[in-house]
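Dear colleague,

Please find below the structure that I am handing over to you. My findings follow directly after it.

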Amino acid sequence: LIKLGKLELKTQGSILIYLLRDVSSTPSTKGMGQEEKIVYKIIEESGNKGIWVKEIRTRSNLQLTQLNKVLKSLESKKSIKSVKPVTDSKKKVYMLFDIKPDSSLTGGAWYSENDFETEFVDILGRQTLTFLQRQRSHAEVQHTAPLAAQRAMMCDIKQVKNFISQLGISKVELEDEEVKQILESLVFDGFAVRLHTLGEGGKKVTFYRAIKNQPLTSGISRVPCGVCSIISQCISGGLVSPQTCTYMKEWLEF
């Protein structure tokens, strides 16, 4: 039944478990050996965050030498791929070949080949600020009533995202969270303010607008922390920490 693809063999510790196979998954494992199928399914379950070799070895009960052969075979078939996280480029995790890695692994749009794109972030910040300032100027010209002018100069994440997309300065489509990071860096620098209003169904909607008196110098937007997509994982003494951050070290030495 296993050879016919009707049953699936999985492991739970040292116990072998037989499961009825999902027919829809058959094409993806067609032509694979039994060990390859076991490893493939383990990697598939990890989703876009991937899985370490050590965990694959524990769950598959394969010897390291044999596991490495299986991983190499699956990579050559373009069934899986390895990704080096920005938090530790010496290690790598495995995921299915066609899956887009989670931004916690790649660093999102702010990283290219594990290098922090300082210039790209600066350009996006300046262009976003220009957009907010333009919105403010237009609102002040078109509306004489202060309240109406303030409402007209407010921009949400979607508006800013569309503006950046139209500029064509980003090779990848920015996620809402990445656009938010740029806007928040402008707020921290004192270039913009964040406001909240209630939208449909009482849902909170966040808006941003440029402030009238701009500070002379920038602050946190020039620090890697200002737009770091994995800052929530950064703690003193942790795997991701200010003490071991190569990007912070390079910024301080610049």
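This is a predicted model: local features need pLDDT of at least 70, side-chain atom pairs count only at pLDDT 80 or more; totals for chains, interfaces and linings use all residues.

Residues are numbered from 1 along each chain as its sequence is written, and side-chain values use heavy atoms, with hydrogens and water left out.

Helices (H or I, at least four residues) and strands (E, at least two) are DSSP runs, numbered from the N terminus. Helix H4 (residues 64–76) has 13 residues and reaches 18 Å from its first C-alpha to its last, close to the expected 18 Å (1.5 Å times one less than the number of residues). Leu-67, Val-70, Leu-71 and Leu-74 of H4 are buried (under 20% relative accessible area; exposed is over 50%, partly exposed in between; 1.4 Å probe, protein chains only). Seen down the axis of H4, these buried residues fall within an arc of 100 degrees, so they line one face of the helix (the arc is that of the directions from the helix axis to the C-beta atoms). On the other side of H4, Thr-65, Lys-69, Lys-72 and Ser-76 are exposed. The buried residues of H4 pack against helices H2 and H3 and strands E4 and E5 (contact: heavy atoms within 4.5 Å).

Helix H6 (residues 118–142) has 25 residues and reaches 36 Å. Its buried residues include Asp-122 and Arg-136.

The count of disulfides (cysteine sulfur atoms within 2.5 Å) is zero. Cys-155 is buried, at 0% relative accessible area, whereas Cys-245 is partly exposed at 26%.

Yours sincerely
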